[in-house]
Amino acid sequence: MTDSQNIEWHYSKVTKEQRRDLNNHKSAIVWFTGLSGSGKSTISVELEKELHHLGVRTYRLDGDNIRHGLNKDLGFGPDGRKENIRRIGEVSKLMVEAGLIVLTAFISPYREDRNEVRKMMGHGEFIEVFVNASIKTCEARDPKGLYQKVRAGKMKGFTGVDAPYEAPVNPEIIVNTDVESIEESVQKLMSYLKKKGYLIND
């Protein structure tokens, strides 16, 4: 193991601000949180497409995708979930330094873990999006068949059923997918990014 006393930060001669100037837009994390089936991944995919059409440099990190590689060694208990979010926060921070708008779609059930990522970032670099949908709506959608497995006793520790989900207290944006369409949710997000000056080139 590397001795932490023998490592130091090596600074670049290209700054985050210079990368943003080159991209002609600001960089930040758009952090989608909500229950399984609430619409996090679907909305993040559509938002990325809209941003790409405007020439915005983005990257999308999705919970399932990340667990295929970077976090495939982690479980789904509290400790595994905490480390999962910590790693995602660190990766997202690097991408923000690179000048990208990062879209992250993770249940991220614990408020403390999300707040720890917020603390890593500079002012305005963490945009928390609460994708709000009732458990009834999410269970009716059940895109992966997970709720069905839980109800059949084949899965335990499932967020929103027999494991906690701590909703954001003061998120930057709330999309209510019980009543709002995917298109309406995306437009709400685009309006926020434009109003707050993230999309300088628009």
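Guide: Axes are lines fitted to C-alpha atoms, for helices over the stretch in contact, and angles run from 0 to 180 degrees between N-to-C directions. Helices (H or I, at least four residues) and strands (E, at least two) are DSSP runs, numbered from the N terminus. The model is predicted, so that local features need pLDDT of at least 70 and side-chain atom pairs count only at pLDDT 80 or more, while totals for chains, interfaces and linings use all residues. Residues are numbered from 1 along each chain as its sequence is written, and side-chain values use heavy atoms, with hydrogens and water left out.

Visitor: Which residue of S4 is the bridge partner of Val30?

Guide: Strand S1 (residues 28-33) is joined to S4 by five bridges, and the two run parallel. S1 is also joined in parallel to strand S3 (residues 101-105) by five bridges, where Val30 stands opposite Leu103. In S4, the partner of Val30 is Ile127.

Visitor: How many of the seven residues of strand S4 are buried?

Guide: Buried means under 20% relative accessible area, exposed over 50%, and partly exposed in between (1.4 Å probe, protein chains only). Strand S4 covers residues 126-132, and it is largely enclosed by the rest of the structure because most of its residues are buried, namely six of the seven.

Visitor: At roughly what angle do the axes of helix H2 and helix H8 cross?

Guide: Two packed helices are described by the angle between their axes and the distance between the axes. The axes of H2 (residues 40-53) and H8 (residues 182-195) come within 9 Å and cross at roughly 55 degrees. Angles under 35 degrees count as roughly parallel, over 145 as roughly antiparallel, 65 to 115 as roughly perpendicular and the rest as oblique. H2 is therefore oblique to H8, with a crossing angle of roughly 55 degrees.

Visitor: How do the residues of the contact of H2 with H8 divide?

Guide: Contact means heavy atoms within 4.5 Å, and H2 contributes Thr42, Ile43, Glu46, Leu47, Glu50 and Leu51, while H8 contributes Ile182, Ser185, Val186, Gln187, Leu189, Met190 and Leu193. Ala, Val, Leu, Ile, Met, Phe, Trp, Tyr, Cys and Pro count as nonpolar, Asp, Glu, Lys and Arg as charged, and the others, Gly among them, as polar. The residues of this contact divide into eight nonpolar, three polar and two charged.

Visitor: With which residues is Leu193 in contact, leaving aside its neighbours within four places in sequence?

Guide: Leu193 lies in helix H8 and counts as buried because its relative accessibility is 3%. Its contacts, with those neighbours left aside, are Leu51, Ile127, Tyr198 and Leu199.

Visitor: Is H4 roughly parallel or oblique to H5?

Guide: Helix H4 (residues 78-97) and H5 pack with their axes 9 Å apart, at an angle of about 20 degrees. That angle makes H4, relative to H5, roughly parallel.

Visitor: How many residues of the contact of H4 with H5 are charged?

Guide: Arg81, Lys82, Ile85, Arg86, Gly89, Glu90 and Lys93 in H4 meet Glu112, Asp113, Val117 and Met120 in H5. Three residues of this contact are nonpolar and one is polar, while the number of charged residues is seven.

Visitor: Is Ser108 buried or exposed?

Guide: Most residues other than glycine have a negative phi. Ser108 has a positive phi, near 40 degrees, and is found in the loop between S3 and helix H5 (111-120). Because its relative accessibility is 4%, Ser108 counts as buried.

Visitor: What is the relative accessibility of Asn24?

Guide: Asn24 is not a glycine, yet its phi is positive at about 65 degrees. Asn24 lies in the loop between helix H1 (16-23) and S1. Asn24 counts as partly exposed, because its relative accessibility is 37%.

How values were computed. Pairing = 2+ DSSP bridges.
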